[in-house]
Amino acid sequence: MEETKAGLGVSMKRKEDPRFLTGYGRYTDDIEMNGMLHLAILRSPHAHARIVSIDTSKAKQLPGVAAILTGEESLKYTGKLATTIDIFNKVPEVYPIAHKKVRFVGEPVVIVAATDRYIAEDAVDLIEIEYDVLPSVVTIEDAVKPTALLYEEWGDNVQQDWKSNIGDVEAAFANSAHIFEETITHSRYTGTPIESRVCIADYNPGSKKMTVTCSTQAPHQIRTLIAQTLQIPEHTIRVIAPDIGGGYGSKLQADAEVIACIMSRMLGRPVKWTEDRVENMLSGMQSRDYSCTVKIGLDKDYIITGMQVKLLANIGMDGTCHGPGTPALLVAGVYFPGAYKIPVYDVEVLGVVTNKGPYGAHRGYGKDIASYPVERMMDIMAQKLGISPIELRMRNFIKKDEYPYQNIAGPIYDSGDYEQLMKIALEKADYDRLKEKQIELRKQGIYMGVGISAMLEPSGAAVFNGIFNGFQAATVRMTPEGDFQILTSHQNIGQGVETTLPQVAANVLGVDIQNITYLYGDTDVTPYGLGPFSSRGATFTVSAVHEATKLLKEKLLKIAGHLLKVDPGELEMVNGSIRKTGSLSPEESISLKDLGNRIHLWPGPYGTLPEGLDVNLECTYTWTSPSARWEPDEYGRVNLYTTHPTGVFIAVVEVDIKTGQVRIEKFVCSHDCGTIINPMIVDGQIEGGIAHGIGGALMENLEYNESGSLVNLDFQSYLCPTAMEVPVIESHHLQSPSPFTPLGTKGMGEGGTIPSPAAITNALEDALAPFNVRVKDLPLTPERVLGWIKQGERA
Ligand code: MCN
């Protein structure tokens with residue numbers, strides 16, 4: 001039976017937008033409950049210190065204070081924080097509330113519950129704590145020396161140390177015509193969702209059930225983590241996630257959420273915790289912050305002979321329990337080869353703990369780490385060889401007919417065509433004209449540059465909680481009125497799934513998406529699943545919805561065939577009806593409304609349904625990745641991602657050499673995420689992703705001082721890009737369907753962020769070529785740019 005294509009490839013306006021744009025979005029903080037208490041968290045002012053004593057007596061006297069809990073006292077109610085992801089790393093013993101020792105400025109030390117937030121904050125001010133301050137470990141160098149140990153039992157500060165080598169890299173370098181080596185660094189930055197984290201925990205002492213309403217990307221993950229941390233049965237916890245104001249990976253953890261549960265269980269009352277912006281900056285998920293040494297050999301034709309990478313990352317006080325951070329380094333470790341054919345590969349990944357804040361997911365999750373150093377190297381090598389960076393990339397790209405392609409480190413790339421993407425991007429950006437214009441402008445003292453970066457976005461990952469989880473379930477049901485509901489665990493975090501998932505079902509059912517509702521955000525209602533991270537939606541969730549809808553359609557056709565006395569194989573579903581293919585006769589057609597109504601409310605005739613067919617109009621399908629593989633192959637390699645979108649991004653910048661100001665004139669990208677469901681949403685995702693990349697490249701930087709205090713804690717000192725800094729972004733699409741998903745779709749929500757810092761940096765070096773500028777660090781602030789112009793350090 002032919003499926004209609006009505007739902008796919010159509011730029012439908014987002015169904016969810018009217019409620020967001022008119023102020024009717026309902027967020028956790030909008031919820032008030034009878035008898036609800038409010039939490040304030042006393043956080044450590046020191047990066048590293050022993051807790052000597054805590055005196056809460058004065059705070060307890062304050063009218064309105066209901067309870068005060070220290071870390072030591074909390075051990076009656078909680079175990080250590082459960083691990084979000086645990087692969088090839090040490091797991092520290094960290095608790096929701098610190099006891100004995102604090103390890104970062106902002107770590108929770110004492111919790112106050114009071115009748116309102118003001119009283120709770122006043123009580124926090126009355127708590128007296130004596131600390132024995134310890135030397136702080138702030139930089140990678142401090143950690144390696146080591147200046148002090150964060151977890152004494154480890155004997156060092158290394159949380160992750162992973163190596164892999166395939167082939168003899170030294171021999172490859174010995175036989176190379178050219179060898180290049182650079183150390184490339186990236187600053188620390190964070191996701192900054194508009195809505196910070198909020199949680200209401202409501203323990204019912206009668207039913208012994210905990211209802212947790214919170215701003216999370218992944219309700220089921222949070223439920224599992226809370227159950228494991230509090231060591232209570234998971235079925236006694238219900239997690240509800242209302243509308244959420246962005247996630248970007250920073251809403252996957254359960255730490256303060258666990259604290260809210262402890263307080264509610266202690267008090268038998270609902271409690272609310274609303275994170276303020278300072279708390280979000282201090283203890284939200286931080287990312288990047290690495291130094292990466294890349295060595296690449298080329299033969300006489302500039303073909304890569306081998307690659308060696310040593311990645312050293314500052315993962316703060318923890319990268320496994322507060323958030324799923326540390327394994328991002330492993331993702332980088334296997335994806336440095338990127339868009340290129342690398343015959344010999346040697347990689348070492350080292351993640352060291354320091355007294356900076358927790359390390360977690362942030363749009364890109366290690367694929368950005370893999371991209372930036374290598375895409376910078378491509379330009380640096382081309383500059384040094386005096387050849388075009390386009391030519392160098394074209395010679396080394398994986399070719400279209402080589403897919404599915406196994407990257408030397410293990411991942412299996414599904415499909416793509418980098419050469420074509422490069423041609424499209426160059427043509428659409430009018431590259432040759434831009435380079436001519438660059439020469440003309442330089443004569444006028446205007447420094448414009450063009451930078452290229454190839455994009456690879458592994459999407460659809462399959463790991464959580466130390467286990468392989470390569471599946472996603474979806475339920476699709478028909479209502480008595482003949483409309484449809486889709487249920488999955490995939491949270492709407494602003495990426496448009498209330499529209500695109502109905503489009504996927506509409507494509508199978510041939511109905512309008514207005515007749516299909518997407519339900520999510522309640523663990524008591526939806527099937528178990530991991531939610532949106534690693535852009536797994538268009539890989540896992542879309543595939544599960546597609547298959548579940550097909551099952552339901554098959555059932556509906558069988559029932560309709562029975563009613564109409566027509567073989568189901570001769571029926572079609574069009575415009576809200578099932579009819580004999582091509583027939584206009586009312587006797588040979590039944591509307592979905594009539595069908596749904598009769599089956600649900602008027603079941604009489606269905607006693608005569610064919611054997612084996614029930615009247616339950618609800619189908620669930622669990623889709624499993626056909627390519628993700630947890631068992632290592634003979635070289636110890638695994639394949640954790642299912643699909644691999646590709647692209648070529650071109651940034652055009654202008655640099656004011658008097659002020660050092662970098663202005664991005666435009667971004668042009670060619671992009672391939674396989675079959676596109678909604679081109680308008682995909683374009684919006686690319687734009688949002690590029691805005692994130694612009695932030696990291698130009699302005700966002702979590703600045704820690706020598707004693708480990710974060711100094712820029714608000715949006716006046718921590719700058720995020722606004723409409724002023726985000727230029728016109730043009731996206732052009734190629735569609736190489738993935739052979740690993742039923743519709744050929746690939747996830748793409750992080751793809752804008754991954755390549756843009758390298759495109760911008762390459763453009764800046766191109767603009768400032770006459771000054772021999774070599775970029776040393778991000779972000780590209782005016783002060784730094786002016787310094788580099790003065791130094792002119794390009795070798
Ligand atoms: N899509 C499509 N066709 C494709 C691929 C995707 O139409 N071939 C659509 C999808 O159906 C979905 C959107 O594009 O509506 C993004 O899909 P996908 O790439 O599958 O990503 P997820 O749904 O898994 O969302 C997660 C992803 C990630 S990992 C981060 S981080 C992120 C992001 O999406 N955070 C976001 N986009 C965000 N957008 C907003 N507004 N806010 C965030 O916090």
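Predicted model: local features only at pLDDT ≥ 70, side-chain atom pairs only at ≥ 80, totals over all residues.
In the hairpin of strands E25 and E26, where two residues lie between the strands, asparagine 575 takes a positive phi near 45 degrees. Residues are numbered from 1 along each chain as its sequence is written, and side-chain values use heavy atoms, with hydrogens and water left out.

Strand E25 covers residues 571–574 and strand E26 residues 577–580, and the two run antiparallel, joined by four bridges; strands here are DSSP runs of at least two residues and helices (H or I) of at least four, numbered from the N terminus, and two strands pair if DSSP finds at least two bridges between them. Within this pairing, glutamate 572 has arginine 579 in E26 as its bridge partner. E26 also pairs with strand E27, residues 589–591, in the antiparallel sense over three bridges, and there serine 577 stands opposite serine 591.

Let me turn to the helices. The axes of H7 (residues 219–230) and H8 (residues 256–267) come within 10 Å and cross at roughly 60 degrees, the axes being lines fitted to C-alpha atoms over the stretch in contact, with angles from 0 to 180 degrees between N-to-C directions. That makes H7 oblique to H8, since angles under 35 degrees count as roughly parallel, over 145 as roughly antiparallel, 65 to 115 as roughly perpendicular and the rest as oblique. Ile226, Thr229 and Leu230 in H7 meet residues of H8 including Val258 and Ile262, where contact means heavy atoms within 4.5 Å.
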